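Subject: Structure for you, with notes

Hi,

Here is the structure I promised to pass on.

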Amino acid sequence: MAQSSIPLSKNYAQQLDAQDELAKYREEFYLLPSMYLDGNSLGLMSKRAEKSLQDILQSWKELGIDGWTTGEHPWFFLSEKLGEMSAALVGAEPEEVIVTGSTTVNLHQLAATFYQPKGKRTKIIATELDFPTDIYALQSQIKLHGLDAEEELIRIASRDGRLIEEEDIIAAMTEEVALVILPTVFYRSGQLLDMERLTKAAHEKGILIGFDGCHSVGAIPHEFSKWGVDFAYWCNYKYVNGGPGCVGSLYVNRKHFGRVPGLTGWFSSKKDKQFAMEHTLDVCETAGAYQLGTPHLLSVAPLIGSLAMFQEVPIEKLREKSLKLTRYMMDLIEVELAGMGFSVANPQEDERRGGHVSLEHAEAVRICKALKESGVIPDFRAPNIIRLAPVAFYNTYTDVWECVQVLKAIMQEKRYEKFENRPGVVA
């Protein structure tokens, strides 16, 4: 058996929980009967998110159409207000963030704006490990310019099937590249890219660069403005806990303010001119310009409560606990699951690791089913990955300890063997 430098007892995990200054926030969430380790796919509901949704419903009930401009949270300005509340999560100025659209819609909007192929510069850099929606959207945008997506979309190859080397991305930044769009964290392996380094490299080559922050925002600090990132987009239903189908967000560096977005709608207008109903758009000179139509108020509302917690707890504090939770989990896995066919696919270094542990096993599908039956909710990603995301706001060190013990029992007792080796429709 491997030797451990940490105590393996449950008592040690409980001691860590007793010292956790964020422990009180666990009471803010509706916890499930099962241990929830899938917050990197969908965060749990908080009591504040529930209340803010009820508040918006109440304003509709009591104010009718006057809810657009009156009440505690006037609807007409809510997307901007929530953008301001989100800005600290990504290291942006308040005017650089807007809550609008969804991940894919916002990527289309940003690519339509910043992908302007001209002369030799016609290519977009992505990677072969990107989430599929990003690839589909970029292929669409290339085709809309009458170009061949197979030729113009460069997908950086992984050397090992898990990670992408930043040197390979930078080497591909040639004079033929117009745009680079990369994930901040890769959804399978949890690899965190050095966004500052990649932004600097792109700009030195005269290339615009943007990031998909879906698997990092709410778990990892960012400094988009300081780094000079041109744009970014993310969902708010994972680590930000905004609920299923929650409206997404996007960031546009202020150096691009005043630029007419590639896709426009009446919410792209300056607020004081929007209801003039003119057919000439007076484009808003903030990230608000990248809105299209009426905000989806009932899908925005939970963010009022969710983001309030992030204003109380600096993202750096959440990151500190997240790293400790995932480190503790990896240490336990190394010892308790030794010889059982598991391997940790995510980077070991703190500065290269996102908010989840990526555990590989040939029987990952069946092990995930056995985990659910045993009271642990994980996340499966094809072909062989079990993702485990202990979230700083509501998961504990005891959760981590118990999860590893359940995994150990599943393997020792071969509980997974009774399940079919086929993933569900929704993984």
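Predicted model: local features only at pLDDT ≥ 70, side-chain atom pairs only at ≥ 80, totals over all residues.

Local features need pLDDT of at least 70 and side-chain atom pairs count only at pLDDT 80 or more, while totals for chains, interfaces and linings use all residues; side-chain values use heavy atoms, with hydrogens and water left out. Helices (H or I, at least four residues) and strands (E, at least two) are DSSP runs, numbered from the N terminus.

The axes of H4 (residues 103-114) and H5 (residues 132-144) come within 10 Å and cross at roughly 35°; axes are lines fitted to C-alpha atoms, for helices over the stretch in contact, and angles run from 0 to 180 degrees between N-to-C directions. On the H4 side the contact (heavy atoms within 4.5 Å) is made by Thr-103, Thr-104, Leu-107, His-108, Ala-111 and Ala-112. H5 brings Thr-133, Asp-134, Ala-137, Leu-138, Ser-140 and Gln-141. By class that gives five nonpolar, six polar and one charged residues. The classes are Ala, Val, Leu, Ile, Met, Phe, Trp, Tyr, Cys and Pro as nonpolar, Asp, Glu, Lys and Arg as charged, and the others, Gly among them, as polar.

Thr-103 of H4 is worth a click. It is buried, with a relative accessible area of 11% (buried means under 20%, exposed over 50%, partly exposed in between, with a 1.4 Å probe and protein chains only). Leaving aside neighbours within four places in sequence, Thr-103 is in contact with Asp-134, Cys-214, Tyr-233, Trp-234 and Cys-235. Its C-alpha atom is 21 Å from that of Thr-199, 96 residues along the chain.

Seven strands form an open, mixed sheet in the order E2-E8-E7-E6-E5-E3-E4, where two strands pair if DSSP finds at least two bridges between them. E2 and E4 (153-156) are the edges with a single partner strand each, so one side of each is left without a neighbour in the sheet. Neighbouring strands are turned by 20° against each other on average, direction ignored. H4 touches E5, E6, E7 and E8, and its direction makes about 165° with that of E7.

Strand E8 (residues 249-252) has antiparallel pairings with E2 (residues 97-99) over three bridges and with E7 (residues 231-234) over four. Ser-249 of E8 stands opposite Val-99 and also opposite Trp-234, while Tyr-251 is the bridge partner of Ala-232. Ser-249 and Tyr-251 point one way from E8, Leu-250 and Val-252 the other way, and all are buried.

H8 (residues 195-204) lies across E5 and E6 of that sheet, running at about 155° to E6. Its buried residues are Met-195, Leu-198, Thr-199, Ala-201 and Ala-202. Seen down the H8 axis they fall within an arc of 165°, so they line one face of the helix; the arc is that of the directions from the helix axis to the C-beta atoms. Lys-200 and Glu-204 are exposed on the face turned away from the buried side. The cover over the buried residues includes H7 (166-171), E5 (177-183), E6 (208-212) and H9 (224-227). Just after H8, Gly-206 takes a positive phi of about 75°.

In the loop between H7 and E5 you will find Ala-172, which is buried at a relative accessible area of 15%. Beyond its neighbours within four places in sequence, Ala-172 is in contact with Ile-125, Ile-156 and Val-177.

Finally, there is a sheet of four strands, open and antiparallel, in the order E9-E10-E13-E12. E9 (343-344) and E12 (379-381) are its edge strands, each pairing on one side only. H12 (residues 315-336) packs on this sheet, touching E9, E10 and E13, at about 20° to the direction of E10. E10 (residues 357-360) and E13 (residues 385-388) pair over four bridges, with Val-357 opposite Leu-388. H13 (residues 364-373) lies across E12 and E13, at about 40° to E13.

Cheers

Notes: Residues numbered from 1 in each chain as written.
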